[in-house]
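Let's take a walk through a protein model together. Keep the picture open while you read, and look up each part as we get to it.

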Amino acid sequence: FTSTRDIYNYLYVNTTMSTEDKRPAGRGRGRRLLDTMEGQVGGMVDTLGKMEIGSNKVEEGETILSMPQGMMGKIIGKAGSVIREMRETSGASIEVTEADSKCTVTIKGGKDQRDKAVKMMGDLNNNNNQNGFRSKDVRSARDRSPSPEVAVMTYKTDPPPAWGSVQYGSAVEVVETEEEKKGALIDWDNLNANREEMERQRWEHLPELFKDFYQEHKDVTTRSEEEVARHRKDNNNIEVRNFNEEDTSPFMKPVSTFEEAFHNFPDILSTIRKQGFSTPSPIQSQAWPYLLSGKDMIGIAQTGTGKTLAFLMPCFIHIDNQKLPRGQRGGPNVLVL
């Protein structure tokens with residue numbers, strides 16, 4: 001050492017390192033909380049979750065809050081910011097679950113930790129209290145919004161009774177009459193005979209709806225069944241089935257080009273060419289003949305294979321080619337769920 005300052009610095013650094021070596025593992029807010037507890041009350045938290053203060057042991061307790069279901073989002077907060085801050089501030093374990101259209105909050109920890117967490121929940125529930133607990137992520141937004149009604153919050157500390165421990169009395173035997181056993185009779189033959197007439201009366205006040213806008217291209221008509229089977233196999237192995245398995249009517253042939261599907265709609269073909277599309281995707285080539293004909297269809301294909309365009313193009317044609325002008329239809333033209 002060349003000076004007294006060098007000796008002082010050496011002793012200070014080694015004393016600091018030896019002190020840090022004795023600290024338990026861990027860092028962050030939880031580590032600082034343990035350090036503070038050791039400095040103030042001389043206790044420690046063991047792996048069993050018990051706090052020792054001198055010779056006394058304080059067991060962890062549990063408090064259960066039952067709150068309205070609408071409070072669940074406020075308790076959790078954006079990306080869990082509110083519940084995370086309440087856990088860090090109170091030091092208690094806070095878990096939120098949903099059951100029977102209620103939001104159940106389970107708080108575990110020492111009495112002071114649980115009391116602090118319960119107070120935070122009350123402040124969060126009482127939106128009229130401007131000094132209540134609020135997450136840093138939502139304080140400014142909540143100050144700008146009007147305060148809604150205060151929800152009712154109840155809580156209990158005792159667990160619910162065990163299954164089978166509560167007696168509800170003996171079972172009541174219900175005796176059915178002969179008429180109840182037979183049930184009501186439905187005249188299905190009469191209903192089926194009048195079904196078409198009832199359907200006609202149900203929709204007769206609505207304007208006539210035109211669905212069939214498909215005219216099979218001559219190249220599709222002359223295509224043999226072997227060529228159709230080869231096209232389906234080469235395009236992700238397309239499978240076609242009727243809703244009614246006993247139906248033996250032939251399947252509609254797929255189209256292989258945009259011209260074969262929309263040769264009667266030159267404006268649509270012009271738009272497709274401007275977008276640079278070359279050929280229809282497998283789901284489009286098989287779906288367009290059915291949908292342009294106004295037939296019911298369920299199409300199943302992988303994500304990104306063009307299902308949206310497969311139903312949107314026929315939708316545009318159905319909308320634009322109805323005889324009644326759009327302003328006089330008095331309702332929606334297409335429903336997409």
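Helices and strands here are runs assigned by DSSP, and each kind is numbered from the N terminus. With that in hand, you can find Asn236: it sits in the loop between helix H11 (225-234) and helix H12 (258-262).

Keep in mind that this is a predicted model. The protein has 15 helices and seven strands. It has 337 residues, and 26% of them count as buried. If you take the contacts with a separation of 6 or more, 60% of them are between residues 24 or more positions apart.

## The largest nonpolar core

Here's a general idea to start with: in soluble globular proteins, nonpolar side chains tend to be buried together. In this model, the largest nonpolar core has 19 residues. The ones with the most contacts inside it are Met67, Ile75, Met86, Ile94, Val105, Ile107 and Met121.

Which elements each supply at least two residues of this core? They are strand S4 (61-68), helix H3 (72-76), helix H4 (81-90), strand S5 (93-99), strand S6 (102-109) and helix H5 (111-125). H5 gives the largest share, with five residues. Apart from this core lies another one, made of 17 residues, including Val255, Trp288, Met313 and Ile317.

Start with Ile75. Leaving out residues up to four places away in sequence, Ile75 touches Met67, Val82, Ile83, Met86, Val96, Cys103, Val105, Met121 and Leu124.

Next comes Met86, which lies in helix H4. Is Met86 buried or exposed? Its relative accessibility is 1%, so Met86 counts as buried. Along the chain, Met86 and Ala117 are 31 residues apart, yet their C-alpha atoms are separated by 6.8 Å.

Now hop over to Thr104 in strand S6. Not counting residues up to four places away in sequence, Thr104 touches Ile64, Leu65, Glu95, Val96 and Thr97. The C-alpha atoms of Thr104 and Met71 are separated by 9.9 Å, and these two residues are 33 apart along the chain.

## How H4 meets H5

Two packed helices are described by the angle between their axes and the distance between the axes. For H4 and H5, the axes come within 9 Å and cross at roughly 145°. The crossing is right-handed.

Who makes the contact? On the H4 side you'll find Val82, Met86, Thr89 and Ser90, while H5 brings Gln113, Lys116, Ala117, Met120, Met121 and Leu124. Sorted by class, the residues of this contact are six nonpolar, three polar and one charged.

## How H14 meets H15

Further along, helix H14 (residues 282-292) and helix H15 (residues 307-320) also pair up: their axes come within 9 Å and cross at roughly 25°. Why do H14 and H15 count as roughly parallel? Angles under 35 degrees get that label, so H14 and H15 are roughly parallel to each other. Their crossing is right-handed.

In this contact, H14 uses Ile283, Gln284, Ala287, Trp288, Leu291 and Leu292. Across from them, H15 uses Lys307, Leu309, Ala310, Phe311, Met313, Pro314, Ile317 and His318. The contact of H14 with H15 has eleven nonpolar, two polar and one charged residues.

Take a closer look at Ile283, which lies in H14. At 15% relative accessibility, it counts as buried. Ile283 and Ala310 are 27 residues apart in sequence but 6.9 Å apart in space, C-alpha to C-alpha. Setting aside neighbours within four places in sequence, Ile283 is in contact with Gly299, Ile300, Ala301, Thr305, Gly306 and Lys307.

## Two loop residues with positive phi

Back to Asn236, in the loop between H11 and H12. Its phi is near 60°, a positive value in a residue other than glycine. Asn236 has 61% relative accessibility, so it counts as exposed.

Ala79 also has a positive phi, near 55°, and it isn't a glycine either. Where is Ala79? Look in the loop between H3 and H4. At 73% relative accessibility, Ala79 counts as exposed.

Note on methods:
Residues are numbered from 1 along each chain as its sequence is written. This is a predicted model: local features need pLDDT of at least 70, side-chain atom pairs count only at pLDDT 80 or more; totals for chains, interfaces and linings use all residues. Side-chain values use heavy atoms; hydrogens and water are left out. Axes are lines fitted to C-alpha atoms, for helices over the stretch in contact, and angles run from 0 to 180 degrees between N-to-C directions. Helices (H or I, at least four residues) and strands (E, at least two) are DSSP runs, numbered from the N terminus. Angles under 35 degrees count as roughly parallel, over 145 as roughly antiparallel, 65 to 115 as roughly perpendicular and the rest as oblique. A crossing is left-handed if the near helix is turned anticlockwise from the far one by less than a right angle, and right-handed if clockwise. Contact means heavy atoms within 4.5 Å. Ala, Val, Leu, Ile, Met, Phe, Trp, Tyr, Cys and Pro count as nonpolar, Asp, Glu, Lys and Arg as charged, and the others, Gly among them, as polar. A nonpolar core is a set of buried Ala, Val, Leu, Ile, Met, Phe, Trp, Tyr and Cys residues joined through side-chain atoms within 4.5 Å. Buried means under 20% relative accessible area, exposed over 50%, partly exposed in between (1.4 Å probe, protein chains only).
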